[in-house]
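Please walk through this structure with the explanation below. The paragraphs begin with the packing of helices and then turn to side chains and loops.

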Amino acid sequence: MKTSPRWRQAVVWLHVVSSVAWMSQALALVVLMASGAPTMADRLDSVLLAPMANVSAFTGLLLAGATAWGYFRHWWVLTKFALTFIQLYAGIFLLSPALRDSAHTDTVAWPQIAGASLMASALSFQAWLSIAKPGKKTPWSPKEKPPTAPTWVFVAGIAAPAVDVVAGILLGYPLPALSLVMLIVLGLERRRRHRRAPRPSVRSPRSARATSNPTA
């Protein structure tokens, strides 16, 4: 099936915008906490930073899984993959609870400022990885190039996070439900593409010489 480049570019655009928003809001957390405004920092984290982090992570995973880049073919993609999960889990289980406690006590501890600074630095490093694409392919890179997903995958990649963000605003907390469902669907669709991908034919040296030197 053909893939619309416009929809693929739209997902790339959403990934870039949400990633920049995530990094800038992490820097804003540093400024707010260093200025002694933990209540505003907690509000920023729950209302803006968490949804943008979810959208950035989802669109990044979608672009890797729905295109020829893959998850484990290139070292720079694998590095971004690992850093994204570390930041998400550190933000959910460490930074966000600490910000809520600080908002209740109206005090700020230096580990929270350091954690937000590390988050912004890691996002800046990931932006450099996306531009420079350093390193070679991993040992787990398949020989055949994975095909790109059909257009409906990229359309859903725009719709799912948009619905999740609206739902999160209405409910008052982030809820990336459709994004998680879409990642499961992407995994199943990726397996289907791999099964249908043409395999390189293997020819014997004799047949190869016969093809390159045809007789009259």
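Is the crossing of α3 and α4 left-handed or right-handed? The crossing is left-handed, a term that applies if the near helix is turned anticlockwise from the far one by less than a right angle, with right-handed used if the turn is clockwise. This is a predicted model, in which local features need pLDDT of at least 70 and side-chain atom pairs count only at pLDDT 80 or more, while totals for chains, interfaces and linings use all residues. Residues are numbered from 1 along each chain as its sequence is written, and side-chain values use heavy atoms, with hydrogens and water left out.

The protein chain holds seven helices and zero strands, where helices (H or I, at least four residues) and strands (E, at least two) are DSSP runs numbered from the N terminus. Along the sequence the pattern accordingly reads α-α-α-α-α-α-α. Of the 216 residues in the protein chain, 38% count as buried; buried means under 20% relative accessible area, exposed over 50%, and partly exposed in between, computed with a 1.4 Å probe on protein chains only. Among contacts in the protein chain with a separation of 6 or more, 80% come from residues 24 or more positions apart, a contact being heavy atoms within 4.5 Å.

Helix α3 (residues 75–105) packs against α4 at an angle of about 160°, and their axes are 10 Å apart. Because of this angle, α3 is roughly antiparallel to α4. The axes are lines fitted to C-alpha atoms, for helices over the stretch in contact, and the angles run from 0 to 180 degrees between N-to-C directions; angles under 35 degrees count as roughly parallel, over 145 as roughly antiparallel, 65 to 115 as roughly perpendicular and the rest as oblique. The residues of α3 that meet α4 include Trp76, Leu83, Gly91, Leu95 and Ser102, and those on the α4 side include Gln112, Met119, Phe125 and Leu129.

Another pair is formed by helix α2 (residues 38–66) and helix α5 (residues 151–171), which pack at an angle of about 165° with their axes 10 Å apart. That angle makes α2 roughly antiparallel to α5, and α2 passes α5 in a right-handed crossing. At this contact, residues of α2 including Pro51, Phe58, Leu62 and Ala66 meet residues of α5 including Val153, Phe154, Gly157 and Val165.

Turning to the side chains, rings of Phe, Tyr and Trp (its six-membered ring) pair if their centres lie within 6.5 Å, and planes under 30 degrees apart count as stacked, over 60 as edge-to-face and the rest as tilted. By this rule there are nine aromatic pairs. One of them is the stacked pair of Phe125 and Trp128, at 5.9 Å centre to centre and with 20° between the planes. Phe125 and Trp128 are three residues apart in helix α4 (residues 110–132), so about one helical turn separates them. Phe125 is partly exposed, with a relative accessible area of 39%, and Trp128 is also partly exposed, at 45%. Elsewhere, ring pairs link Tyr71, Phe72, Phe81, Phe85, Tyr89 and Phe93 into a cluster.

Side chains of opposite charge can pair when their charged atoms come close. The structure holds one salt bridge, defined as a side-chain nitrogen of Lys or Arg within 4 Å of a carboxyl oxygen of Asp or Glu. Arg192 and Glu189 form this bridge, at 2.7 Å from N to O, and both lie in helix α6 (residues 177–196), three residues apart, about one turn of the helix. Arg192 is partly exposed at 26% relative accessible area, whereas Glu189 is buried at 6%.

The loops complete the picture. His74, in the loop between α2 and α3, is buried with a relative accessible area of 12%; leaving aside neighbours within four places in sequence, His74 is in contact with Trp69, Lys136, Lys137 and Thr138. Thr148 lies in the loop between α4 and α5, and its C-alpha atom is separated by 5.7 Å from that of Ala66, although the two residues are 82 apart along the chain.
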